[in-house]
Amino acid sequence: MQQILAIFLTVFLAELGDKTQLATVLFATDKQQSPWIIFLAAASALVASTAIAVVLGTMAERYLTMIPLKLIAGIAS
């Protein structure tokens, strides 16, 4: 449970005030759109992008374990 809370808080705080949230606010100002449709579309987009990130992270972990982390850190800096 503590792990889930840590992940939730990290992602929640990272998403506050970002471009995605601002775009959603702009869509919500349109009186012709249902707030529920905007919520469902935005939530679905976030779920889909998170699913892609998890899949890519899982795949990267499989290949990155073969490369020493010091090498990766050295290349990145």
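Modeller: Let me start with a term: helices (H or I, at least four residues) and strands (E, at least two) are DSSP runs, numbered from the N terminus. Read that way, the elements of this chain run α-α-α-α from the N terminus on, and the secondary structure comes to 4 helices and 0 strands. This is a predicted model, where local features need pLDDT of at least 70 and side-chain atom pairs count only at pLDDT 80 or more, while totals for chains, interfaces and linings use all residues. Residues are numbered from 1 along each chain as its sequence is written, and side-chain values use heavy atoms, with hydrogens and water left out.

Colleague: Thanks! Where in the chain is the confidence lowest, and where is it highest?

Modeller: The score is pLDDT, the predictor's confidence in each residue, from 0 to 100. The chain averages 86, and 92% of the residues score at least 70. Helix α4 (residues 69-76) has the lowest confidence, at a mean of 72, and α2 the highest, at 91.

Colleague: Why is the pair W36 and F39 called edge-to-face instead?

Modeller: Their centres are 6.3 Å apart and their planes make an angle of 85°, so the definition calls them edge-to-face. W36 and F39 are 3 residues apart in helix α3, about one helical turn.

Colleague: How do you know whether W36, F8 and F12 are buried, partly exposed or exposed?

Modeller: Buried means under 20% relative accessible area, exposed over 50%, and partly exposed in between (1.4 Å probe, protein chains only). W36 has 64%, so it counts as exposed. F8 has 49%, so it is partly exposed, and F12, with 42%, is partly exposed too. Of the 77 residues of the chain, 1% count as buried.

Colleague: What makes the largest pocket a pocket, and what is its volume?

Modeller: On a 1 Å grid over the protein atoms alone, a cavity is a set of points where a 1.4 Å probe fits but cannot get out, and a pocket is an open set with protein on both sides within 12 Å along at least five of seven lines; lining residues have an atom within 4 Å of a point. Grid points are joined across faces, edges and corners, and a volume is the space filled by probe spheres set on the points. The largest pocket has a volume of about 460 Å³. It is lined by 15 residues, and F12, E15, T20, Q21 and L46 are the closest to its centre. The elements giving two or more residues are α1 (2-15), α2 (19-28) and α3 (35-64), and α3 gives the most, with 6 residues.

Colleague: Last one: how do you know that T65 is exposed?

Modeller: T65 lies in the loop between α3 and α4, and its relative accessible area of 55% is over the cut-off, so it counts as exposed. T65 and Q33 are 32 residues apart in sequence and 47 Å apart in space, C-alpha to C-alpha.

Terms used:
Rings of Phe, Tyr and Trp (its six-membered ring) pair if their centres lie within 6.5 Å; planes under 30 degrees apart count as stacked, over 60 as edge-to-face and the rest as tilted.
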